[in-house]
Each structure stands twice: as C-alpha cells, then as structure tokens.
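Visitor: Hi there! Could you walk me through this one? I'd like to start with the overall picture.

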Amino acid sequence: MSTVHDPERKRALVMRLKRVEGQLRGIQKLIETDSDCEKVAQQLSAARKALDKTFFAMVSCVIAQGDVPADDVADMLSRFS
C-alpha cells in the first residue's frame, strides 16, 4: 500500500484527527460527569462521522497520488468502510 506524500494533505489529515481527539476527550468528560446518555450518543455519532470523513479523505489522497492500482483501492474500501 501507499503513504500520503503531499505535506499539505498529510497536515490536513493530522489536523482532522486532532479535532477528533478533542471530541473524544470531551465525550470522556461527559461520561465522567454523568451527562445525559442522549448527549453522549450525539457526540459519539459526531466523532464517528469525523473519523469516517478522515478515512475517506485519506483514501482520496491515495487515489489522487495514483500509485496504487484501482483494484487495491477498491479492496481497501470494501474491507474498511
């Protein structure tokens, strides 16, 4: 498989993950402070969607770089999405 070569795309991916990391810390605090389960579920859903967006952004980088055969990209999508 390939790695992300473009420094700008790599930076964007890392920044997305740092935002998700902050969301997860917030969720932990919600749980620790006995917040309403619906509020926790809402935040978990948002974090999951943010991770999904990051995954698809990473896949788009792999596709844009063009150094991975289409069949391998399709296989990765079917295994991990």
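Guide: Happy to. Of the 81 residues in the protein chain, 23% count as buried. Keep in mind that this is a predicted model.

Visitor: How many helices and strands does the protein chain have?

Guide: The protein chain has 3 helices and 0 strands. Along the sequence the pattern reads α-α-α.

Visitor: What is the radius of gyration of the protein chain, and what would a compact globule have?

Guide: The protein chain has 16 Å, while a compact globule of 81 residues would be near 12 Å. Along the principal axes, the C-alpha atoms fill a box of roughly 50 × 25 × 15 Å.

Visitor: What about contacts between residues 24 or more positions apart?

Guide: Those account for 60% of the contacts with a separation of 6 or more.

Visitor: OK, on to the helices. What can you tell me about α1?

Guide: α1 has 26 residues and reaches 37 Å from its first C-alpha to its last, close to the 38 Å expected at 1.5 Å a residue. After α1 comes Asp34, with a positive phi near 55 degrees.

Visitor: Which residues of α1 are buried?

Guide: Leu13, Val20, Ile27 and Leu30 are buried in α1. The cover over the buried residues of α1 includes α2.

Visitor: And how far does α2 reach?

Guide: Helix α2 covers residues 37–65, which is 29 residues, and reaches 42 Å from its first C-alpha to its last. That is close to the 42 Å expected at 1.5 Å a residue.

Visitor: What do the buried residues of α2 pack against?

Guide: They pack against α1 (7–32) and α3 (70–80). Among those buried residues are Val40, Ala50, Thr54, Phe55 and Val62.

Visitor: Leaving aside its neighbours within four places in sequence, what is Thr54 in contact with?

Guide: With Leu13, Arg16 and Leu17. One of these, Leu13, is a buried residue of α1.

Visitor: And Lys53, is Lys53 buried or exposed?

Guide: Lys53 is also found in helix α2, but at 57% relative accessibility Lys53 counts as exposed. Its C-alpha atom is separated by 20 Å from that of Ala70, 17 residues apart along the chain.

Visitor: New topic: how many aromatic pairs are there?

Guide: The count comes to 1 aromatic pair. The rings of Phe55 and Phe56 have their centres 5.0 Å apart and their planes at 75 degrees, so the pair is edge-to-face.

Visitor: How does relative accessibility class Phe55 and Phe56?

Guide: Phe55 is buried, with a relative accessible area of 18%. Phe56 counts as partly exposed, at 44%.

Visitor: Last one: what is the accessible surface of the protein chain?

Guide: The accessible surface comes to about 6000 Å², and 56% of that belongs to carbon and sulfur atoms.

Technical notes
Residues numbered from 1 in each chain as written. Predicted model: local features only at pLDDT ≥ 70, side-chain atom pairs only at ≥ 80, totals over all residues. Heavy atoms only, no water. Helix = DSSP H or I, 4+ residues; strand = E, 2+ residues; numbered from the N terminus. Expected span 1.5 Å × (residues − 1). Buried < 20%, exposed > 50% of the residue type's maximum accessible area, 1.4 Å probe, protein only. Contact = heavy atoms within 4.5 Å. Phe/Tyr/Trp six-rings, centres within 6.5 Å; stacked < 30°, edge-to-face > 60°. Rg over C-alpha atoms; globule rule 2.2 N^0.38 Å. Areas by Shrake-Rupley, 256 points an atom, 1.4 Å probe, with all protein chains shown as cover.
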